[in-house]
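Here is a walk through one protein structure. Keep the sequence and the model in view as you read.

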Amino acid sequence: MGRPSRYDWDDKRDICWKLYVEEKKSPKEIVAWFSDHFGVPESELPSHRLFRRQFSEKWKFPPRRERLSAEQEPIVVERIGQLWEQNLGIQAIREILESEGWELGDNEYQRLRKKNGFRRRGDALGAYGVVEDEFLGAPGTGASKRGKAAKAEKRKADHIAPEQWLPVEDDAAPGTGSVDIGSDMNVELNMIGDNAIPGSAMSQLQSPAHLLTPEEQQRRAEHLAQVQAQSDLALVNRKRRRRIRGYGHLPPDDPSLAPRYGSETTLDECKAYLQLTNPLYLQIRSDYERICAEMGIERKKSVAETGIWQASKDRLVQENVHLATVMHPFQPDLDKKAIAIDCLCADVTKRMRDAKKKLTIADSNNALGLNPTTSKEIRKRFYEILERDQYTTRLACGDVHWAELRQSWFDAVPLLQHVVNEGDAHKMKCLDILCRDATKRYNDDAVRRDPSRRQYQQSTYGPGPGSAKANGRKEKNGSPDSTATPAEKESPSKRKGKRTAPQPEQSLNIDPALAPYANPVPCYFRLSPESRLIGNHPRMWLGKLTAPTIQSLHTAAASKAGAATVTKVQGIIKNGEPGPNGEEGMGEDMYQIDDDGELQVYLEAAGEKSTFVVCLAGGYA
């Protein structure tokens, strides 16, 4: 006699028949129905797999959806192909099929897509570009759900060649065996079958790394020096707004600089003046967007003279308890707060206007007459051009060289040259969308391969809580960083002479590199001469770093600061050169530290003795 069943199925057959066969609910939906109907947590119910097994093997229920017949399948495939050519999303295609009476199960729909090539990602690729093997298991790359055999096959190749960039499917899609982009170009897609190219053989086709010539290196260095000089001159002459965060290769300006005009107040400064957290900030934006819709406001200058603009802001303050509190007549800095509300409201109306004009990749593909496969191949061409050029940022590249790169792209794809010759403004904007997408994906992949390139990406800076979108993404992705290099994943105990953090327990879902120190590490802090304080503050003091994070560093730096806040932190590295008074071996290099990654790099370089220069401002010391 076998072991008795854990669950009592005897009196559930009729209700399961009704839910599964008559109402055509999926096993997952049935589990949720039982949980809601009987008030039982889903963890105490059978899993959806057990429900499926009970239906098919024990009770012999008929299938929830009838499978397509041999006559119906070509009709559905043709319809999917028509919708695919319109650049509709996978879920949108399925919803249209269901509205037309084609009810496909998950497995059958996936089978048809894979068999006929209606997929935007290949088995050997991440979201778009070339991704190293160690990142293939990261969330979002699609590799985490594949079988062991597929994972073993990926590990064979040391590097994924650009030739594998397109999706690799079981069979070629109808009409996509070759992509006819122009009269002089016919790009053959890789296909699985007798003509398949093994991953190891494809990796041998990888072109060697393209090194910059000394002349090109000198040209780029001279161009950057020229751009930096022009930027500094424009700032002195008040011809440009201050730069609150790094832009390309240009560093941010002094954070103590005031904006030229009130309208140049940043959103992060607005949050600080109004004492807004990111959730409250998003709520205020949503409320004002509703007010604009009700009052018919689209642009500030169109309603400023009639008083509607001021009335909308007054209504926002009256309806929000927090804003009504901070804007009370007895509160300080009311002028700055009024400017902050004005900037915030103007930004809301700007985003509302931009949302109506926003173009997606699908919109651009439709305007240019491309399907997803052809569009991806065209973007791949520009991706490869950027890779050969060792592109970093458009600022370092220069407008002239950027135009040369785009012209190379047009020459490689006659269809794009035809669009340029037409001169249609809308199509040119769509072409720019494809160009921007390829550039962004190239930069993201370059950072995955070489994290040191992260310095070329913009880093946020400001007195407020920072970007709501970026912080929300960090909170949502609480898992360890999947883009860490093998060197970063190396055990801290192997790094001789460097401060290390203990490995966290397996149950903790945090990055080991950011784990708190078992024993707080003492550090030296110096007061920067740029500090603006009221009262006395020691020129040098000791603080304890509890974790290798920028938040912990600011907490330690402000341990004796009173009401003042930290505006800038720089790390000091001894360079062995003579000091300012000729002292032997007392020279120092200073590096600004703005985020956790920069702090970790500095701590590794500084060794056992870390010294920071801290700029404090904003209150009594």
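**Salt bridges, cores and surface**

The structure holds 36 salt bridges. The model is a predicted one.

Take glutamate 57 first. Its salt bridge partner is arginine 53, and the closest N and O atoms are 3.3 Å apart. Both residues lie in helix H3, which covers residues 48-58. They sit four residues apart, about one turn of the helix. Is glutamate 57 buried or partly exposed? Glutamate 57 has a relative accessible area of 47%, so it counts as partly exposed. Arginine 53 is partly exposed too, at 45%.

Now turn to arginine 243 and aspartate 253. Their side chains meet in a salt bridge, with 3.8 Å from N to O. Arginine 243 and aspartate 253 lie in the loop between helix H9 (214-236) and helix H10 (267-274), 10 residues apart. Both arginine 243 and aspartate 253 are buried.

The next bridge joins two helices. Aspartate 437 pairs with arginine 379, the closest N and O atoms being 2.8 Å apart. Aspartate 437 belongs to helix H21 and arginine 379 to helix H17, so the pair ties together parts that are 58 residues apart in sequence. Aspartate 437 has a relative accessible area of 13%, so it is buried. Arginine 379 is buried as well, at 7%. Elsewhere, shared partners join Glu73, Glu108, Arg111 and Lys115 into one network of salt bridges.

In soluble globular proteins, nonpolar side chains tend to be buried together. The largest nonpolar core here has 24 residues. Which of them touch the most other members? They are Phe382, Leu386, Tyr391, Trp402, Leu405, Trp409 and Leu416. H21 provides the largest share, seven residues.

Setting aside neighbours within four places in sequence, phenylalanine 382 is in contact with Trp402, Leu405, Arg406, Trp409, Cys435, Ala438 and Thr439. There is also a second, separate core of 22 residues. Among its members are Leu276, Ile297, Val303 and Val326.

Asparagine 320 is worth a stop. It lies in the loop between helix H13 (308-319) and helix H14 (321-326). The relative accessible area of asparagine 320 is 8%, so this residue is buried. What does asparagine 320 touch, not counting residues up to four places away in sequence? It touches Leu280, Ile284 and Asp287. Asparagine 320 and aspartate 287 are 33 residues apart in sequence, yet their C-alpha atoms are 8.7 Å apart in space.

What about cysteines? A search of the whole structure finds zero disulfides. Cysteine 430 is buried at 0% relative accessibility, and cysteine 615 is buried at 7%.

Tyrosine 524 lies in strand S3, residues 521-527. At 35% relative accessibility, tyrosine 524 counts as partly exposed.

Finally, step back to the whole protein. It has 25 helices and eight strands. Of its 621 residues, 37% are buried. Among contacts between residues at least 6 apart in sequence, 64% join residues at least 24 apart. The accessible surface comes to about 36,300 Å², and 51% of it belongs to carbon and sulfur atoms.

How values were computed
Residues are numbered from 1 along each chain as its sequence is written. This is a predicted model: local features need pLDDT of at least 70, side-chain atom pairs count only at pLDDT 80 or more; totals for chains, interfaces and linings use all residues. Side-chain values use heavy atoms; hydrogens and water are left out. A nonpolar core is a set of buried Ala, Val, Leu, Ile, Met, Phe, Trp, Tyr and Cys residues joined through side-chain atoms within 4.5 Å. Buried means under 20% relative accessible area, exposed over 50%, partly exposed in between (1.4 Å probe, protein chains only). Contact means heavy atoms within 4.5 Å. A disulfide is a pair of cysteine sulfur atoms within 2.5 Å. Accessible areas come from the Shrake-Rupley method with a 1.4 Å probe; for residues, only the protein chains shown count as cover. A salt bridge is a side-chain nitrogen of Lys or Arg within 4 Å of a carboxyl oxygen of Asp or Glu.
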